[in-house]
Amino acid sequence: MGWWGKSADDGSAGRILEAITGLKGELGKALRDGFLELRRQNGELREELRELRRTVQDVHKDAAEHRRETEALRQELQAEAAARREDAARREDAVRREDTARREAADTLSRAGAGAEARAGNGDDRTDLGAVPGAGTDGDPHGKRLEKAAGISAAELICHRDTWAFIVEQAARNAHFRVPGEVTAAKDGATSVVVSGRSLMAILTALNAVRQQGRAADPGDCALARKFYDRIVAVVDTVGPVGHRPQAAGHSGHAGHSGAETPQRAVIVIDDRPGRPAAASSP
């Protein structure tokens, strides 16, 4: 009996040892698998961390670019605001100068009238044409030119775009001025603008006001106003009603047309060019 019991104990111990050995193997395998999984997960975490760093760097770059764009936009807005303030100040100054010119013109007319009455009382019937800029023997030539301009349906103005910009700047304050809808390119860098007679009246009025300001205005503005005014009135003075324009002698109308042929649209060109060199005199 004793021997049999010893054998049973040895068998149990062997089975327990075997079970322990198997458990150790499974535990070791589980630990190895766990370590491998941890290493894999650590590798994935490192890759995700590198990707996150790249994303953060891209965000920093985008933020820096956004700041640069915002700063550039802010500077543009500040420049535009400054330009608008300068333009508003320039317009206010121009209005003040125009008011001053009107007062001076009224004073000049008053003095001219008083002088005329004095000369009439003294028997002197001579007219001082220099007392009033633009005055003539026909009373009010500027007023008559405005009437002529009012009768023009449309006139083509050919000049440089800087010239047109100056004209618009001066005439924009006049209630009769209308900015044309289209400005087209002409030859030699010039532009072509079609203006109505009403706008032409406003242009003449504005240019006449500037050219009569004298010392109260900028010399450059006065020079431009005088030149442009003269170029415009040189054409305006020649216009007349279409139905009453005389037909050229020897001109025969086309078949099917009665009366004189309709003349072309008035064209005003502001473009001085060098004159032809004088021919050498013969000995």
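This report describes the fold, the sheet and the nonpolar core of a predicted model.

## Basis of the description

Residues are numbered from 1 along each chain as its sequence is written, and side-chain values use heavy atoms, with hydrogens and water left out. Because this is a predicted model, local features need pLDDT of at least 70 and side-chain atom pairs count only at pLDDT 80 or more, whereas totals for chains, interfaces and linings use all residues.

## Overall architecture

The chain contains five helices and four strands, the helices (H or I, at least four residues) and strands (E, at least two) being DSSP runs numbered from the N terminus. Along the sequence these elements follow the pattern α-α-β-α-β-β-α-α-β.

Of the 283 residues, 21% count as buried, that is, under 20% relative accessible area with a 1.4 Å probe and protein chains only. The chain exposes about 20700 Å², of which carbon and sulfur atoms supply 55% (Shrake-Rupley method, 1.4 Å probe). Among contacts (heavy atoms within 4.5 Å) with a separation of 6 or more, residues 24 or more positions apart account for 69%.

## The sheet and the helices across it

Four strands form an open sheet in the order 2-3-1-4 with mixed pairing, where two strands pair if DSSP finds at least two bridges between them. Strand 2 (183–185) and strand 4 are the edge strands, each pairing on one side only, and the twist averages 25 degrees from one strand to the next. Strand 1 and strand 4 pair in the parallel sense over four bridges; Leu157 has Ile268 in strand 4 as its bridge partner.

Helix 3 lies across strand 1, strand 2 and strand 3, at about 125 degrees to strand 1, while helix 4 lies across strand 1, strand 3 and strand 4, at about 105 degrees to strand 3. These angles run from 0 to 180 degrees between N-to-C directions, with axes fitted to C-alpha atoms, for helices over the stretch in contact.

## The nonpolar core

The largest nonpolar core has 31 residues, and those with the most contacts inside it are Trp164, Leu200, Ile203, Leu204, Leu207 and Ile232; such a core is a set of buried Ala, Val, Leu, Ile, Met, Phe, Trp, Tyr and Cys residues joined through side-chain atoms within 4.5 Å. Elements giving two or more residues to this core include helix 2 (141–150), helix 4 (197–211), helix 5 (219–236) and strand 4 (266–269). Leaving aside neighbours within four places in sequence, Ile203 is in contact with Trp164, Ile167, Ala171, Phe177 and Ile232.

In helix 2 the buried residues are Pro141, His142, Gly143, Arg145, Leu146 and Ala149, and their cover includes helix 4 and helix 5.

Notes
Buried means under 20% relative accessible area, exposed over 50%, partly exposed in between (1.4 Å probe, protein chains only).
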